[in-house]
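Let's walk through this model together, one piece at a time.

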Amino acid sequence: MTEHPTSFPYLTCMLLSPVVGLTILLFLKEEWDFLIKAVSLVSAGLSLALAIFTFVAYDKTLGGLQFVEKYEWVKTFGITYFVGVEGLNAPLLLLTGIVIFTGVLTMWELKNRVKEYFIFMLALVTGVFGVFMTYDMFFFFLFYEIAVVPMYILILIWGSTRKEYAAMKLTLYLMAGSGLIIPGILLLYSTSGLFTFNMVLLHGVKFSPWIQKVAFVMMFFGFGVLAAVWPFHTWSPVGHVAAPTAVSMLHAGVLMKLGSFAILRVAMYLCPEGFVYWKQLMAFLATAGIVYGVFVGLAQTDLKYVIGYSSVSHMGIVCLGLATGTVDGLNGSLFQMFAHGIMTALFFSAVGYIYDRTHTRDIHELGGLSKIMPVASAFFITAALCGAGVPGMASFWAELLVFIAAVKVYPVQGLLAIAALVVGALFALRVVQTSFFNEPNPKFMHFEDVSPFLGLPRMILIGTLIFFGFFPQVMVSLIKTAVVPFIQGM
Amino acid sequence: MGSCDPVLLGCLLTVFLPLSAFALIMIFTWRYHKLSMAISLVASTIPLLIAWYFFFTLDVKQPIIYNFNWLVSDQVKVPFGFLLDPTSVLMFVIVATISWLVQIYSIGYMGGDPGFGRYYADLSLFALAMLGLVISSGLLQLYIFWELVGLASYLLIGFWYEKFSASEAGKKAFVVTRFGDIGFFMGLVFLTLYFGSLDIATVNSAALTAKMPPWLITTSALLIFCGIMGKSAQFPIHVWLPDAMEGPTPVSALLHSATMVAAGVFLLTRLFPLFAASATAMSVVLVISTITLLLSSTIGMVATDIKQVWAYSTVSQLGFMAMGLSAAGLAAGTLFPGYYHLTTHAAFKALLFLCSGVFIHHFGTNDFFVMATQGGRKLLIPMATITIAALALAGIFPFAGFFSKEAILGALAHLPNKMWLVLGLFGAFLTAYYAFRVIFVMLFPKEKYDKYHLETDPHAHAPAHSHGHGPGPGFTHDDAHIHPDAKPGHEHDESGHGAGHGHDEPHGVPWVMSFPLLVLAGFTLILGFCQGSLEKYLLGESAPHHIEYGLLVSAVSCAFGGIALAWFDWGRRGAKCVGFISYVPVLENFFIQKWYMDHFWRWFLNTFIYGIFSRAFTYNDRRVVDGGVDAVAFSTVGSGRLLSFIQTAFLQYNLLFMVLVLAGVGIYLLMGR
Amino acid sequence: MNVLLFGPELYFLGAALIFFSLTLKRKVQVKADYRIALALAAGGVAVSVLCLFQQGELFFKAYKVDLFSQIFKFALALGFFLVITISHNLAQIEERYHAEFYLFLTTTTIGMMMLVSAVELLTIYVALELSSYSLYILVPLRRGDGIDVEAGIKYLFIGAVSSGFMLFGLSYIFGATHSTYLTEIMPKMAQLVQSPIGVLGLLFSLAGFFFKLSVFPFHFWAPDVYQGAANQVTTFIATASKAAAVAVLLRLVALGSSYGYNFTQVLVMLSIISMTLGNLVAIVQKDFKRMLAYSSIAHAGVFLMGVLTIKEAGYIGAVYYALAYLVMNFTVFMVLSEVAKDGRDLKIVELAGLWKRSPILGLSLILGIFALAGVPPSIGFTGKLLIFTSAMNQGYFWLVLIGAVNGTISLYYYLRVVYAAFFMDPGDLPPVTVSFPTRLLNYALVAIIIGFGVFPDQIVRLAQAAVKTVL
Amino acid sequence: MLLFNQLETYLYLAIVLFAIGLYGVLARRSLIALLISVELILNAASINFMAFNRFLAPHPAVGQIITLFIMAVAAAEAAIALSIIVALYRKLKTINIEQATELRG
């Protein structure tokens, strides 16, 4: 992979702007509510701006790794600070930027322990950015855990339903995952003979098949936990239900992508033979997740549970795309990561708004909301339609690519997954109809609709969805620049 | 894409005007009714002009194709483009015209409705999707617009969403058609596996299909036909269409009679060569369409809701078109008869609906018995036009329906097995009967209707069933998807669009509503005589038109027979006003229950989707998967509690333990050396 | 001879004398004693830094001064200083015993300092006993209703028995190699592990050091002593003495390039059992100090993992982690003794609402806890990862796997602390007032924990240089 | 006379002594007895040192020196142990280890 060093450390700035933000927050007073929010919004906005910049400024004709920064970190152990942007992570950096920015806006009404909230949220985001941009396994894992752990406190303090249980479960589950990841990573490190954590260098090493199989399966399950690969998904609905709005947005929108991205970036990238050996299993689990998710979601009555299970299903699609190991599949998979991230963020922010008003998420209790707050419902319905794979939304293209690729490689699983779409539609519309298109619930008559300011973040998300729904090529052409060499390298 | 080519420009405008209209209204102007209406009208008028311009001036003997890359992944390539050939242009004209007329009509019909703006936004969305579908150059693009059409229909059917049955119907429509679309999509995937590209021209090129393995052709053709079944409401997934009548009547006229449901048949014609390449597929199509024809016409005989009657007649006519096409495919015929019938049907069925719309709007009921008793025939224009339309539907010379039906029966006649012809004729007979049942009732109202009507009001039947299959624990009423008796009731007009208008208008019909009627009536009259030219336009040459008199006679006699029977039952002075069918109560009830199709699907849904899969998976998720995780956690803590007993309070036990372990290790080392 | 070679030890000897004279005077001046102690401790740190790069041998080669030893002497001096800093509220020790407290703290520090640079069996033994005996006395110094003496007596006897084992083992080693100098024992190690006497000797003599490090099965004293001793004493045992134990263990194990398969297996097993047992039992603890005791047992397993690689990388990891452990463990104990002003044993639930009662302590606590749990960005994470890495390099796949899984288990009880501190309602628990110096200390600790976690390079280089002198 | 000129004799003696000491530590309940047993263990070690020194060691005095040291250390240990035992007696009114069972689990 060719590396093009950068003139200005854009990525480091992207990484540091949340850090700086939270350091400033540390010294602000709890009472300066607005200032705190403003600071976090600025730092989030800055990183969003940089993310957009890298997304746009990435030179597709040049390809390879761009904006590369590389410093010796710990020579003795071959740790390097090595960040860069390519087609694989550019969309995800953008996704992170958008979600965190909208997330901060969404939580603008937060009253309780504002300062700490934004501190932890920014810490989490730092981790996410780091994972997406780094090419050194040490830092990869470091950021990975930074991204995972603050979730515990975020859910614990600002969460809602069964939060103690959910927070503990989620954290331990993910940590158990990293309990598998560490040995996997270290196995590669120590058997490579290079004693370096630099992934690009490790990619050059030809590991013995046995090592690859072991390392791959460990990392697949380790990261798979975070990607809610069936049957390691149960933390996700519980966690999402418990988490506060913006955290659910970040978690379902971005963190789950961390898992799938890590599977791609570390497991598949470093152990191609291991991937070939295990991909049948991957495909099977992915399909199971897709089908399973929709069917279980069909029986849920809590909006967030419904979304949680739809995420399980959609992440299954991502995983299926990865399992195909074809250019189309990977394009679709990465596109789906992006699209689903935005979509779920929209879902949760819509639900969050509704929940803050009505204090219920029971789909029967909120009937006919679209009479009372049409805009808020419109947000949710858009997301639901996107989830049902309606054309004109970004996720449609992603699913299209994945399914076509999947049917080529795994006809049975592919067709099953496609068939699951019917239930998917049923499941989305059931929720929409029950909680929005119905007799309005008199209890909620007095609630007012989304204010333009609070509507802004949701509009941003919808805009993104529709933009990429109409111009998918913008995304795919970028992703392709990385995926094609990736596949050839495997 | 900023090309100066006027044709291309036209195509682009056709797609992007409605799109922008939809966006504008949805985002900004949906609060301002008049403005939204204006925008939408503009955005539908220009495509209309373009359509007719193309139709008359453009020479499309050689298909005109534009393609742009929309999405280019590795092997998957989705072009965005336009294909202008006779088939698409004709459909283009039909769609543009009727949607324009309906938009005009809706000004009167929907006036004063709170959701007026949203209504027009949805109409624009539909126009966008339908037009895009018609002139799209690739199958994937077609599929995309196909889905969008479904979305639009979902929104429009559920337009009065605060009425539960309406939103139910919308969801039902979406899901059921989606069910077919999945098949369509799979078919496309299969085709891509073979062709790589899904260019319609490529797929249709006989050379390629010849090389294709037969099983692949058959499979993909049948899968695609699933999509057609969904959209064109063929048996057994026709169930959504009658419920779709929950939507506003103009919507029913536009989507659920003239254009959208015809999209399925359009696709059939679009891919006629592909289908024709597989006899198996075509015979399946023939069987299914025949069943559809008979089933729906029989149900049409007993329905008392005027829109239901026309809905079922639509289903039957669609079946009839499919019959024509498949027969042609089997007997090496042309796609003309089916397509021709599609055209004429679009005209007179839209007319039927719009007329009924006038009545409904005026009397505030859907029940034509009530309309009749309240003096429906006083409304002259609609009464006249509806009669014309009914004549056309029944296939009486010189109305359009006559010619197209002739054509189709001709195609059927070419089949070696004459049974199909007979069935077709029988269908025609039934059609004539139920059409004129309505007409006669309206024309010659009798007093006893109310009594009769009260007796056999379908509301009196079925209701027990609908909520009878209680969705199991955990599934509450919102899961009751398919209401066997989800029919638009009277409450519709009170709660729904009746806001502020309806009965109070003095009399007659606003011009915006009567004008489209007249136009359509005109079409119904003239279309019949354009057969030759249309055929020439479509196929390039007009086949020598030898009329088989036997067939002609039998057909006409069937039609008149039906009308006569209807007259005997309903029209003549002192008629018993009971359908002949009621002499066989079992059969009648069977028909009234719509062959129990809804009950079947309801049962299917409850048993399998909700009952077995969903519940089982949920249980598994709670107990097995999640339970396993929790079990691991608990066992960890438990083992900690157990191990904590090693640390006794008593010093010497600890020492003993220590010494023993040390001794053990020592022995291990000494042995292992 | 160059006096600087023996600098730190001499300094602390002097300090011990001063404290001894303090014990003699009639009237009790707590504040004055504290100030003197603080000054002396600070001076000790300074001296140890001054002598950091000394090299040489003393007392007929029985005493080796090299970077390795000096680093640990610095660590010990630092630990001593830190413990003194939190000794401003020795509520649990009677005023008239404060001077003794300082005195014995100093002597045990001297003992450990000698321990880390002793390279002769007798010296090691004496130094070890010196450090241990002072602690034996420190434990029951606490005023209390008997659990202190109970802890003391248990500590003493477990210690005595294990040192008995050690001595017996040493005698065998002496017999097998005819020498008491490690430098002379080293070459003979290869055939030593062949003879039964040699094996037993080695095993038994390790007992004493395992006891210091509280490795299974010599861990029994840890929970009782941690809980029974005064908070400051516990802090010292948990930080400085751990570092010393790691140091001497590294030095001793470094002797044999290979102990043969079985012996290594034994070490692996002990490491695994220590980690697992410690973590599992810690889950069910209610008392904060007792929980930390079990966590220290678990950490002993981690240290052992680093030690048994007997490779440079592993040693670097161990040294790094020892220093890290000193800092992060101290951070937690500091919070503990700040919250428990009256020096009582703190139940975990008594941390409730700490974020509200004292945000800065809350911050330090969460960072210290996360560092102990090995969560980035913290020295704990980096150190642990370095150790795991080197262990993996030696091919201990399962060991690393189990270690990683143990990390997950440990997170469970660490998170319970976070839960208490950040979520539980303080109820009527009083707010915690933090003096300005302590606040500074907090900031410094936080900075160290994060800073050296993210930028470990300097420490690693230092450790590398140190390890080179041992291996 | 041969018996006394063999290393093994002393080694076995030491082992026996060690075993007795260990047994005492594990079996007796009185803290004083425990202390005595610990001393026995130390003495066993001393005997080893002496014996090895006498029969094998190149340097004549090392073992004896070590033994001297051990004696000194043991003395110190005894002092400390006794003081703690006294403290224990003050607080628990017993020197029976069975009574000191507060800390557990």
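Start at A:Glu69, whose bridge partner in strand 3 of chain A is A:Val83. Before going further, a word on ground rules: this is a predicted model, in which local features need pLDDT of at least 70, side-chain atom pairs count only at pLDDT 80 or more, and totals for chains, interfaces and linings use all residues. Residues are numbered from 1 along each chain as its sequence is written, while chains are lettered from A and ligands numbered from 1 in the order in which they are written. Helices (H or I, at least four residues) and strands (E, at least two) are DSSP runs, numbered from the N terminus.

Back to that bridge. Strand 2 (residues 65-74) and strand 3 of chain A pair in the antiparallel sense over 6 bridges; two strands count as paired if DSSP finds at least two bridges between them. The hairpin of strand 2 and strand 3 of chain A has 4 residues between the strands, and A:Gly78 there takes a positive phi near 65 degrees. On the parallel side of things, strand 1 of chain A pairs with strand 2 of chain A over 2 bridges, and A:Pro5 has A:Val68 in strand 2 of chain A as its bridge partner. Put together, 3 strands of chain A form an open sheet in the order 1-2-3, with mixed pairing. Strand 1 (3-5) and strand 3 (79-85) of chain A are the edge strands, each pairing on one side only. From one strand to the next, the twist averages 45 degrees.

Now zoom out to the chains. Which of the 5 pairs of chains in contact share the most contacts? That would be chains A and B, where two residues are in contact if their C-beta atoms, placed from the backbone, lie within 7 Å. Chain B brings 42 residues to this contact and chain A brings 45 residues. On the side of chain B that touches chain A, strand 1 (64-72), helix 5 (139-157), helix 6 (164-195) and helix 28 (597-643) of chain B each supply at least two residues. Helix 6 of chain B gives the largest share, 13 residues. Sorted by class, that side of chain B has 23 nonpolar, 10 polar and 9 charged residues (Ala, Val, Leu, Ile, Met, Phe, Trp, Tyr, Cys and Pro count as nonpolar, Asp, Glu, Lys and Arg as charged, and the others, Gly among them, as polar).

Chain A also meets chain C: 24 residues of chain A are in contact with 29 residues of chain C. Strand 2, helix 5 (137-148), helix 6 (150-158) and helix 7 (163-192) of chain A each supply at least two residues of the side of chain A that touches chain C, and helix 7 of chain A gives the most, with 12 residues. This side of chain A divides into 19 nonpolar, 4 polar and 1 charged. Chain A and chain D, on the other hand, do not touch, and their nearest C-alpha atoms are 25 Å apart.

Chain D has a helix pair to look at. Helix 2 (residues 31-55) and helix 3 (residues 62-92) of chain D pack at an angle of about 175 degrees, with their axes 9 Å apart. Axes here are lines fitted to C-alpha atoms, for helices over the stretch in contact, and angles run from 0 to 180 degrees between N-to-C directions. That angle is why helix 2 of chain D counts as roughly antiparallel to helix 3 of chain D (under 35 degrees is roughly parallel, over 145 roughly antiparallel, 65 to 115 roughly perpendicular and the rest oblique). Residues in the contact include D:Leu35 and D:Phe49 of helix 2 of chain D, and D:Ile70 and D:Ala78 of helix 3 of chain D. By class, the contact has 14 nonpolar, 5 polar and 1 charged.

Most residues other than glycine have a negative phi, and most peptide bonds are trans. A cis peptide bond joins B:Phe235 and B:Pro236, with omega about 5 degrees. Another cis bond joins C:Pro376 and C:Pro377, with omega about -10 degrees. C:His178 has a positive phi near 55 degrees, and C:His178 lies in the loop between helix 6 (147-177) and helix 7 of chain C.
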